[in-house]
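These are my notebook entries on a few places looked up in one model.

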Amino acid sequence: MKRRQITGFSNPTVKFIRSLRDKKHRKREGKFLAEGLRLLTDALESGRVPETLIMAERREAHPLLAALESAVAAAGGEVIETSADILAKIIGKSNPQAVAGVFDQFDTSLAAFDREAAPIWLVAQALRDPGNLGTMLRTGDALGAGGLILLDDCADPFSVEAVRASMGAVFTQRLVQAQWDEFQPWLRGERGQLVAASLRDAVPYRGAPYTAPCFVMVGNESQGLPEAYEAACDLRVTMPMRGRADSLNAAVAAAVLGYEVLATFDSRK
């Protein structure tokens, strides 16, 4: 299989791929970076093939890597070999894994969204930490949720940090980006229950009357959900805080609520 060798930091391809670490360049090019054999294999198994595959020289042979190379070549993509130092420069990590890929960004519009594809969906409003965002994607995958809806000014789901934290779930979960004023009329256009953790007129989260499709919403890490957003929910639930903490991490709260919703649906089968 033909591979292109790159030996210099100043190579235009290296500069282009490295630029994808910057949000403005990702947005302009409509592409993003993913790193690691496991993550790229998850992408391939989900039908996502990188347009460019970058591999470190003197890496260990692996059948999964061979499958990736074959898929990229079959799709008309490019396979590049370079030094570990250049790969580290591209990824922005001192000890990068031996392989990375460049992917086209997905369609994240509400128009391409099918709410009936799953009984549970996660929703995050103004989530700022890419690690939390990636964790929510991973949680959604574990729940069997359909995907993650990002409302208002959230962290970029295509950042290297968010993609890495998702552990491959960025490829298995449907991603939507929208403003609240766009999401609310879309939600009310068909059936769908909006649920949030709250202290306002809330019922205990265990045994609450969840219905599918259920949209589990969490807010900003430091400020939580705006009052108007909570007021618009169909159901507000509360989780007991038995220690000194008065709230949970946003991604943890989504996981706790998501599993309770899942348990409720499973009990009805």
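**Entry 1: α3 and α4.** I looked up the handedness of this pair and found that α3 passes α4 in a left-handed crossing. The model is a predicted one, and I read every entry below with that in mind. Helix α3 covers residues 37-45 and helix α4 covers residues 63-74. I noted an angle of about 50° between them, with the axes 10 Å apart.

I then asked which residues in α3 and α4 meet. On the α3 side I listed Leu37, Leu40, Thr41 and Leu44. Their partners in α4 are Leu64, Leu65, Ala67, Leu68 and Ala71. Sorted by class, this contact has eight nonpolar residues, one polar residue and no charged residues.

**Entry 2: α6 and α11.** I next took helix α6 (residues 130-143) and helix α11 (residues 250-267). Their axes come within 9 Å and cross at roughly 15°. Because angles under 35 degrees count as roughly parallel, I recorded α6 as roughly parallel to α11. The crossing of α6 past α11 is right-handed.

From α6, the contact is made by Asn132, Thr135, Met136, Thr139, Ala142 and Leu143. From α11, I recorded Ala251, Ala254, Ala255, Gly258, Tyr259 and Leu262.

**Entry 3: α5.** I checked which residues are buried in helix α5, residues 84-91. They are Ile86, Leu87, Ala88, Ile90 and Ile91. After α5 comes Gly92, for which I noted a positive phi, near 80°.

**Entry 4: Ser198.** I located Ser198 in the loop between β9 (193-197) and β10 (203-204). Is Ser198 buried or exposed? Its relative accessibility is 7%; since buried means under 20%, Ser198 counts as buried.

I then looked up the polar partners of the Ser198 side chain. It makes a polar contact with the side chain of Glu230, at 2.5 Å. A polar atom of the Ser198 side chain also lies 2.9 Å from the backbone nitrogen of Arg200. Leaving out residues up to four places away in sequence, I found that Ser198 touches Glu230, Arg236, Val237 and Thr238.

Note on methods:
Residues numbered from 1 in each chain as written. Predicted model: local features only at pLDDT ≥ 70, side-chain atom pairs only at ≥ 80, totals over all residues. Heavy atoms only, no water. Helix = DSSP H or I, 4+ residues; strand = E, 2+ residues; numbered from the N terminus. Buried < 20%, exposed > 50% of the residue type's maximum accessible area, 1.4 Å probe, protein only. Polar contact = N/O pair within 3.5 Å; in protein donor to acceptor, adjacent residues only side chain to side chain. Contact = heavy atoms within 4.5 Å. Axes fitted to C-alpha atoms, helices over the stretch in contact; angles between N-to-C directions. Left-handed = near helix turned anticlockwise from the far one by under 90°. Nonpolar A, V, L, I, M, F, W, Y, C, P; charged D, E, K, R; others polar. Parallel < 35°, antiparallel > 145°, perpendicular 65-115°, else oblique.
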